[in-house]
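Here are a few notes to read alongside the model. Please keep the 3D view open as you go through the points.

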Amino acid sequence: MIELPDHDALVDFARGHPVARWNHSARRFDRAWGLGEAASFTDHGRFGHLLLAFGAPDDAARLAAEILAGPPAGDLGGFDIVVVPRDSPVSSIDQLKWRHDWEWFWTTTMPERRPGEAAVERLDVADPHVAGELTELLDVSSPTTSALPGDPTVDHWYGIRAAERGLVACAAESERASGSSNLRAIAVHPALRGRGLGADVTTAVMRAGFEAGLHAVTLGMYSDNETAARPMYQRLGFQLGQEFATYAVSA
Ligand SMILES: CC(C)(COP(=O)(O)OP(=O)(O)OC[C@H]1O[C@@H](n2cnc3c(N)ncnc32)[C@H](O)[C@@H]1OP(=O)(O)O)[C@@H](O)C(=O)NCCC(=O)NCCS
C-alpha cells in the first residue's frame, strides 16, 4: 500500500478512474492510498468519517483491511463508514456491518434539450413555505431521500410546479465547488410519474451545472430502487461508475 499525497496523485494511481476524477474533491483532500488495482480516500461527510475504496474488488478489500488494521485508522481516530466495491471480500474484517448496496453514476455530456425544462425553477428554500412544500413532496415521493430542505451541503434546489397542485417534482444539487456536482433528492409526485417530469428536472439541473463550467455530474442510487430511476438516468447519458456496498464500522 502506498500513500497518495494529493488529488492528482490519486487520479494518476487510479489511471483516471471516474470515481477518482469525479467523486473525490481536490478541495476537500484529506488522505488517500493505493494498492494494486484499487485506491481509497477519506472524507468527513454527512455520515461521519468515511473511508471509500474503489477499483478492483479484491484489491479494494485488501486496502480497506490494511487501513483499518494499521496506523492510518489509529492516526485518524477510526472510521464510521467504509464503502467498498460491491463484490469486495470483506467478511474477514469483523468490524464491518453491511448497511446497503448502491450504484454511483456519472456523465460528462450535456443532455439533449427537453421542452419541459422550461418549467423547472430554482427554489428559494429560505422561504419557509417553499421548504414546507419540498418536505411534503419528498415525504410522499421519496421517503428515503438523501437530502431535505435545510441540508447545508445542498447548493441549490430545483422544482416543477403544476397548476392547482403546487410543487410536483424536485432535485437537489450539491458539491458544485468541486468541479462536478452531485444530484440528490430527485423525486416526482406518485400521481404524475411517467410523464417526463423526472427527466425534465434532472436535465435542467445537469444543464445548469455544465453551463456553470462543471466537468461532470454524478449521482448515487440505492440498488434496491426498483423505480424508473435507473432507466431514466441511463436515458439521460449517465454511466455506471462503480457498484458499491456501504458498511458501518463497529467500535
Ligand atoms: C425516478 C422518478 C424521479 C422518475 O420520474 P418520472 O417523472 O416518472 O420519469 P420520466 O417520466 O421523466 O421518465 C424518464 C425516463 O425514465 C424511464 N421510465 C420512466 N418510467 C419508467 C417505468 N415505469 N419503467 C421503466 N422505465 C421508465 C423511461 O426511459 C423514460 O424515458 P422516456 O420518457 O423516453 O420513455 C420517479 O419515479 C420517482 O420520484 N421515484 C421515487 C423517488 C426515486 O426513486 N428517486 C430516485 C432516487 S435515486
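**Notes on the ligand site, strands and domains**

1. The ligand has 20 residues around it, and the closest are Arg193, Gly198, Ala199, Ala228 and Met232. A residue belongs here if its C-beta atom, placed from the backbone, lies within 6 Å of the molecule. Please bear in mind that this is a predicted model: local features need pLDDT of at least 70, side-chain atom pairs count only at pLDDT 80 or more, and totals for chains, interfaces and linings use all residues. Residues are numbered from 1 along each chain as its sequence is written.

2. Which elements build the shell around the ligand, each with at least two residues? They are strand S10 (180–188), helix H6 (197–211) and helix H7 (229–235). H7 gives the most, with four residues. Helices (H or I, at least four residues) and strands (E, at least two) are DSSP runs, numbered from the N terminus.

3. By type, the shell around the ligand holds ten nonpolar, seven polar and three charged residues. Here Ala, Val, Leu, Ile, Met, Phe, Trp, Tyr, Cys and Pro count as nonpolar, Asp, Glu, Lys and Arg as charged, and the others, Gly among them, as polar.

4. Strand S9 (residues 166–174) runs antiparallel to S10, joined by five bridges, and Cys170 stands opposite Ala187 in S10. Five residues lie between the strands of this hairpin, in which Glu175 takes a positive phi near 70 degrees. With strand S11 (residues 216–222), S10 pairs in the parallel sense over four bridges; Ser180 has Ala216 in S11 as its bridge partner.

5. Helix H3 (residues 57–69) passes a simple length check: its 13 residues should span 18 Å at 1.5 Å a residue, and its end C-alpha atoms are 18 Å apart, which agrees. The expected span is 1.5 Å times one less than the number of residues. The buried residues of H3 are Pro57, Asp59, Ala60, Ala61, Leu63, Ala64 and Ile67.

6. Finally, the domains: an automatic or database domain assignment supplies the bounds, giving domain 1 (2–103) and domain 2 (109–214). Their C-alpha centres lie 30 Å apart. Four residues of domain 1 are in contact with five of domain 2, contact meaning C-beta atoms, placed from the backbone, within 7 Å. On the domain 1 side, these residues divide into one nonpolar, one polar and two charged.

Conventions
Two residues are in contact if their C-beta atoms, placed from the backbone, lie within 7 Å. A residue is buried if 20 or more other C-beta atoms lie within 10 Å of its own, exposed if 12 or fewer, and partly exposed in between; C-beta atoms are placed from the backbone. Two strands pair if DSSP finds at least two bridges between them.
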